[in-house]
Amino acid sequence: MAEVDAKNFLEYCGPQPGVKYPIQVLYCGECGLPVEYCENYPNYEKCKAWLEKNVPDEFEKLKVDKEEDVSGGDSKEEGEEKKKRQTRGGKAIMKTKKKIEPQGVKLWTQTRGKKKKVTIVVGLASYEIDLKEASKFFAGKFSCGSSISAEDEIVIQGDVKDDLFDILPEKWKIIDEDDIEDCGEKK
Ligand SMILES: [Zn+2]
């Protein structure tokens, strides 16, 4: 229902049959918007209180609309599906095109087992660096084990944190040494 309203709101379709003109728009005393838009207002609870007190008829109408939305389980899902499809056609494209902002690289060391240290590298993927390649590169560079341990996390066997401050910007020009953060020892 809200979708239809939004559409009419954006595209003026001329006089509608069955509507008396001029249209009497009821404005909410709380948020100043036409009452249909109250639910978009952050203080909707206050709006509801105002409506209930000042225009109980309208309040009942809005309440009934709402309840229909909720109880019509299937149709609500359909509505949400529709919304998804709409965003897919519109904003979603912009989203996927938008590049991920590099988030910086974070380095930790962590002691595992008795005295075994590992170095954890987080954030390479945000530079669109292939983690598999990076992990292989580290393994070769440090002659040690290296593996992808999470979505954007590589664990290198041994404490190589200090070396990484030089090696990362050297290997990947996109990484600035200042983007690398030493996060210390992970518990
Ligand atoms: Zn309001």
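This is a predicted model: local features need pLDDT of at least 70, side-chain atom pairs count only at pLDDT 80 or more; totals for chains, interfaces and linings use all residues.

**Serine 146 and its surroundings**

I started with a side-chain pair: serine 146 makes a polar contact with serine 135, side chain to side chain, at 3.0 Å. My cut-off for a polar contact is a pair of N or O atoms within 3.5 Å; within protein, one must be able to donate a hydrogen and the other to accept it, and residues adjacent in sequence count only if both atoms are side-chain atoms.

Residues are numbered from 1 along each chain as its sequence is written, and side-chain values use heavy atoms, with hydrogens and water left out.

I placed serine 146 in strand β3, residues 146-150. Strands (E, at least two residues) and helices (H or I, at least four) are DSSP runs, numbered from the N terminus. Is serine 146 buried or exposed? I found serine 146 buried, because its relative accessible area is 18% and buried means under 20%, exposed over 50%, partly exposed in between (1.4 Å probe, protein chains only). Leaving aside neighbours within four places in sequence, I listed the contacts (heavy atoms within 4.5 Å) of serine 146 as Ser135, Phe138, Ala139, Ile154, Val155 and Ile156.

**Zinc site**

Which residues coordinate the zinc ion? I got Cys28, Cys31, Cys38 and Cys47, each through SG, at 2.2 to 2.3 Å. Donors are N, O and S atoms within 2.8 Å of the metal (3.2 Å for Na, K and Ca); water is not among the atoms, so sites may look incomplete. I read angles of 100 to 113° among the 4 donor atoms, and the site is tetrahedral, which for four donors needs all angles between 85 and 135 degrees. Cysteine 28 and cysteine 38 sit 10 residues apart in the loop between α1 (2-10) and α2 (44-54), and both are buried.

**Helix α2**

Here I found Tyr44, Cys47 and Leu51 buried. Seen down the axis of α2, the buried residues fall within an arc of 50°, so they line one face of the helix; the arc is that of the directions from the helix axis to the C-beta atoms. Glu45 and Lys53 are exposed on the other side of α2.

**Whole chain**

I logged 7 helices and 5 strands. Of the 187 residues, 26% count as buried.

Conventions
Four donors count as tetrahedral if all angles lie between 85 and 135 degrees; four count as square planar and six as octahedral if opposite donors are over 155 degrees apart and all others between 65 and 115; anything else is irregular.
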